[in-house]
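Please take a moment with the sequence and the model shown here, and then follow the paragraphs below with both in view.

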Amino acid sequence: MSIGATNARPYLEVKDLNVRFETDDGIVQAVTDSTFSVEAGQTLGIVGESGSGKSVTSLAVLGLHRTRSNAKVSGEIWLDDQELVTATDEQVRLLRGGKMAMIFQDPLSAMHPYFTVGSQIVEAYRVHHPGVNKKVARERAIDMLARVGIPQPERRFNDYAHQFSGGMRQRAMIAMALVNDPKLLIADEPTTALDVTVQAQILDLIRDLQDEFGSAVIMITHDLGVVAELADDVLVMYGGKVIEKGPALEVFQNPQHPYTWGLLGSMPRLDREVRDRLNPVKGSPPSLINLPSGCAFHPRCPYAGRNGNRSFNEVPLLHGDVHKVACHLPPEARTEIFQQEVLPNL
Amino acid sequence: MLAYLIRRLFNAVLTLLVVTAVTFGIFFLVPKATGTDPALLYIGKTSDAASVEGIRVKMGLNDPIVVQYGKFLKGLVAGRDYANGPDVQHCPAPCLGYSFKTDQEVTPLLLGDLPVTLSLALGAAVLWLIMGISTGVISALRRGTVLDRVVMGGALAGVSLPIYFTGLLASAIFVYWLGWLPQGEYVPFTESPGDWFVQLILPWITLAFLFAATYARLTRANMLEILGEDYVRTARAKGLRERAVIGKHALRSSLTPIVTVFGLDLGALLGGAILTEKVFNLRGLGYQALTAIQGNDLPIILGVTLIAASFIVIANLIVDLVYGLIDPRVRLA
């Protein structure tokens, strides 16, 4: 967390974000009352399983739900002192790819198969620099390819996405996202589709570029290792809600929510004996059309019976100062369970 | 690439050879099955035995089928002479023989019909591409709206209604009732481009309506699929205008499969649009084929079949080559 000496807004501030989709099966409440912020130069990790609302949140920041007529976004999204939920389509379009950019999960499907990688980067640059001629834009694109570590960028400029290796493709994708010096970079599981050996390189690259450009970064992942390595702050999402957030170090050393314990327990570790099994979170993610009442995690929570006399039918509020958690368990009980039952098995 | 091209050309020639063999086989078998003597078809049933035998010799009808087929192939490639003693008739390559009915050389006869069919097919193709793709895109973008349903309903009608219905209806309305278009027949482009155009408007529209319907449905389906692709989302994430997202990124991919269909449709149509030509009295290859079938004029049927098959084979080849250009993921090898 930044030291709050000034009252200036963080570079990105999201307040009470709600995203819902009207479908034939009912209303999908994809994100509920999500609040978070990222300062320039900081990295926020958003973790959670599939369908927890991570990607929907980031697409909402970019305004990419606007083209879906069945999507409804409410709340506030402030980017550099500009409110985006109430902004016009054109205002948001001008920010997209300019001040804020996104890297997607699978770079092969995220790049157009029929246009060269270079031309796609040039296109991204020229949308936000309309006066720039093709030659200058081309030089800029080649320069970006070189900066993300693609060898022989002049030659690779004319290649298509399918001619790149997985890692190089993601590098090119990063070059495309960074071509306009965005101050907010959202990376949606940028290493999931890559070989393990390449994953670390890509993460290093993102970190180096962040240092260089001073951007705010949102790293969306289900890989806690990635968050531990890169993030300053962590947001844990479950069933479309933020259930725990705080400084990364604090959340990892002293996790408060049973779901976060579950995520930590399902991480494979090399220092663990082979005979030990992973401890996955039992059960399956909740349906976003029909969320469990109260705490959405309670049907899967192994400690749901130990909440004293509090009812699970109420929605737990995020509470705490810097490190916040939404859980019905009394803090003392949480500490005790974590120390005695969870930690020894991690 | 060159090796690929040579192999494809070789395959194309081989395909055509098989087509000639099959059609020639039918050509040989049909008279047998119906009990008619091809020689009689040439000179009429009233002729005396000597002149019938003369025709047999001249046309080589007494030879075994393999020899006849060989001579036919030779005629196609190098031309051939039909001879009965001193009576020699030279048929230059590509020789398709003589019409049973009129004794005209088939090749020049069909070449004379080709411009009519070409005019009809190419004009209609331009129209249906414009109509089909634009309505398909609009329909996809306005999915589920009244407009989408109206357009897709129209497309369903277009696919279902036969030419002899829409064609006659269009003639009745625009020529006889409203009088917007003159009654008349095909005028060659070289004679009067204006009249050529006016005379072809209705056939073009009628034929294009049929095809545009298919293309609209195809474009709509492709477009809807492509709009869900990750790279369309990327295009939006870059801040591109919606017009560029749709018109450049999405359309580019949506049209690729249409190239294949279009090539084959056009190839098939160039072999003659029998119904359209008949309905609008356009004397093209299709009309010729229809007349020949009705009159049992086998050499002409054989000729039209060969030309139609050639167009399809050539269209196939062109489609494959073009596909390699428009989809960089396809390696021609």
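The model is predicted, so local features need pLDDT of at least 70 and side-chain atom pairs count only at pLDDT 80 or more, while totals for chains, interfaces and linings use all residues. Residues are numbered from 1 along each chain as its sequence is written, and chains are lettered from A and ligands numbered from 1 in the order in which they are written.

H6(B) passes H8(B) in a left-handed crossing, a term used if the near helix is turned anticlockwise from the far one by less than a right angle, with right-handed used if clockwise. Among the residues that make this contact are Val151(B) and Ala155(B) of H6(B), together with Phe209(B) and Arg217(B) of H8(B), where contact means that the C-beta atoms of two residues, placed from the backbone, lie within 7 Å. The residues of this contact divide into 8 nonpolar, 2 polar and 1 charged; Ala, Val, Leu, Ile, Met, Phe, Trp, Tyr, Cys and Pro count as nonpolar, Asp, Glu, Lys and Arg as charged, and the others, Gly among them, as polar.

H6(B) also meets helix H5 (residues 106–141) of chain B, their axes coming within 8 Å and crossing at roughly 145°, and this crossing is left-handed. Here Thr135(B), Ile138(B) and Ser139(B) in H5(B) meet Asp148(B), Val151(B) and Met152(B) in H6(B).

Stepping back to the whole of chain B, an automatic or database domain assignment divides it into domain 1 (2–91) and domain 2 (106–326). Their C-alpha centres lie 35 Å apart, and 11 residues of domain 1 of chain B are in contact with 10 residues of domain 2 of chain B. On the side of domain 1, the largest share, 10 residues, comes from helix H1 (residues 2–34) of chain B. From UniProt, an unreviewed entry lists "domain: ABC transmembrane type-1" for residues 114–323 of chain B, a stretch that is 82% helix and 0% strand.

In chain A, the annotation "domain: ABC transporter", from an unreviewed UniProt entry, covers residues 14–264, over which the chain is 40% helix and 27% strand. Chain A is divided into domain 1 (107–181) and domain 2 (257–345), and 43 Å separate the centres of these two domains, taken over C-alpha atoms.

Where do the two chains meet, and how many residues does each give? The contact takes 23 residues from chain A and 17 residues from chain B. Helix H2 (89–95), helix H3 (107–110) and helix H4 (117–128) of chain A are the elements that give two or more residues to the side of chain A that touches chain B, and H4(A) gives the most, with 4 residues. The residues of that side of chain A divide into 12 nonpolar, 7 polar and 4 charged.

Conventions
UniProt positions are given in the numbering used here, feature names are shortened, and annotations may be inferred rather than shown by experiment. Axes are lines fitted to C-alpha atoms, for helices over the stretch in contact, and angles run from 0 to 180 degrees between N-to-C directions.
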